[in-house]
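Visitor: I have a structure open and would like to learn how to read it. Could you walk me through some features?
Guide: Happy to; here it is.

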Amino acid sequence: KMSTDPHVLCCQIWRWPELTLDTTLRRLPCCETDKDPLYVCCNPYHWSIQQNAESSYCAEKANCLTSGINWPSDISMEPDSTETGLTPTCRRNHGGDISDLSEGEEPGSEVTTHWCSVAYWELRQRVGRLYTLHEPYLCIFQDLPHGNGLSLSLVQEPTSVDCVKRTREKIGLGLVLSREADGVWLYNRSGYPVFVNSPTLDNPSSRASVVIKVNPGYSMNIFNYDMASVLRAVKERHCLDGPYDPTSIRISFAKGWGPSYHRQFITSCPAWLEVLLNVNR
């Protein structure tokens with residue numbers, strides 16, 4: 001069934017013929033039309049299909065985070081009734097949401113410090129400097145001119161490693177990282193999947209990292225501030241096995257890793273990003 005919304009109709013005709021009315025579209029943050037509410041962008045490449053994280057372990061995660069834990073006196077847990085009812089929502093008892101705001105920073109105020117740093121890696125070798133981000137979003141792509149942002153070709157060195165060469169060719173338009181009200185979003189603009197591991201997507205009772213595939217043209221919330229607040233508030237982390245960085249996200253271009261892939265570690269991936277969030281650091 002065709003939609004009457006002009007942007008959905010354009011996406012059905014020129015990009016995703018299989019698009020249904022149940023599909024949620026999300027506009028890319030780099031689209032300039034979001035500054036004027038009178039306009040709706042009809043460029044299908046300024047839209048993405050919203051992808052939800054696999055929730056097969058939602059109940060386990062909720063139980064893990066809420067059972068048998070000594071919560072601080074100003075923290076309460078409420079079930080999230082808008083989704084499955086299994087994912088806990090963490091709130092302060094005075095009614096305000098726990099957020100990622102740094103001490104002294106007011107909601108809605110202009111961010112004066114960087115909200116994340118991005119490192120680009122090829123296999124085990126970091127390439128280029130650490131890129132600090134102050135703007136709300138960052139486009140990361142292979143070659144200029146693909147807009148403003150981080151062009152990886154400017155920091156890459158000549159290489160004789162075939163897998164690195166092939167993966168560089170697949171980065172293309174790359175991706176967009178965006179800091180939004182409910183967390184950090186990833187928009188995949190390339191022609192190949194990207195693979196993501198994040199603390200708020202992990203199964204806390206498993207030793208193995210959860211690596212999620214985000215297909216071309218899709219977007220996903222890859223770091224949820226509410227869930228991160230829950231993890232930070234837990235004093236007795238019964239479900240967490242060993243040390244971990246609760247504010248680090250890893251993204252691999254075109255190649256997955258972990259138990260479901262022949263590459264077991266992110267350092268075996270030819271081209272990948274490390275996103276270090278500045279959350280109460």
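Guide: Let's begin with an idea we will need: a polar contact is a pair of N or O atoms within 3.5 Å, where one must be able to donate a hydrogen and the other to accept it. Keep in mind that this is a predicted model.

Visitor: Which side chain makes a polar contact with the side chain of Glu-122?

Guide: That partner is Arg-168, with the two side chains meeting at 2.9 Å. Glu-122 belongs to strand E5, which covers residues 116-122.

Visitor: Is Glu-122 buried or exposed?

Guide: Buried means under 20% relative accessible area. Glu-122 has 10%, so it counts as buried. Beyond its sequence neighbours within four places, Glu-122 is in contact with Arg-168 and also with Val-127, Gln-156, Val-164, Cys-269 and Pro-270.

Visitor: And how do I read a nonpolar core?

Guide: In soluble globular proteins, nonpolar side chains tend to be buried together. Here the largest nonpolar core has 34 residues, and Ile-140 and Ile-251 have the most contacts inside it. Apart from that core lies another, of nine residues, including Val-8 and Trp-47. Setting aside neighbours within four places in sequence, Ile-140 touches Val-118, Leu-150 and Phe-253, among others.

Visitor: Where is Gly-149 found?

Guide: Look in the loop between strand E7 (137-141) and strand E8 (150-151). Gly-149 is partly exposed, at 39% relative accessible area.

Definitions and conventions
Residues are numbered from 1 along each chain as its sequence is written. This is a predicted model: local features need pLDDT of at least 70, side-chain atom pairs count only at pLDDT 80 or more; totals for chains, interfaces and linings use all residues. Side-chain values use heavy atoms; hydrogens and water are left out. A nonpolar core is a set of buried Ala, Val, Leu, Ile, Met, Phe, Trp, Tyr and Cys residues joined through side-chain atoms within 4.5 Å. Buried means under 20% relative accessible area, exposed over 50%, partly exposed in between (1.4 Å probe, protein chains only). Contact means heavy atoms within 4.5 Å. Helices (H or I, at least four residues) and strands (E, at least two) are DSSP runs, numbered from the N terminus.
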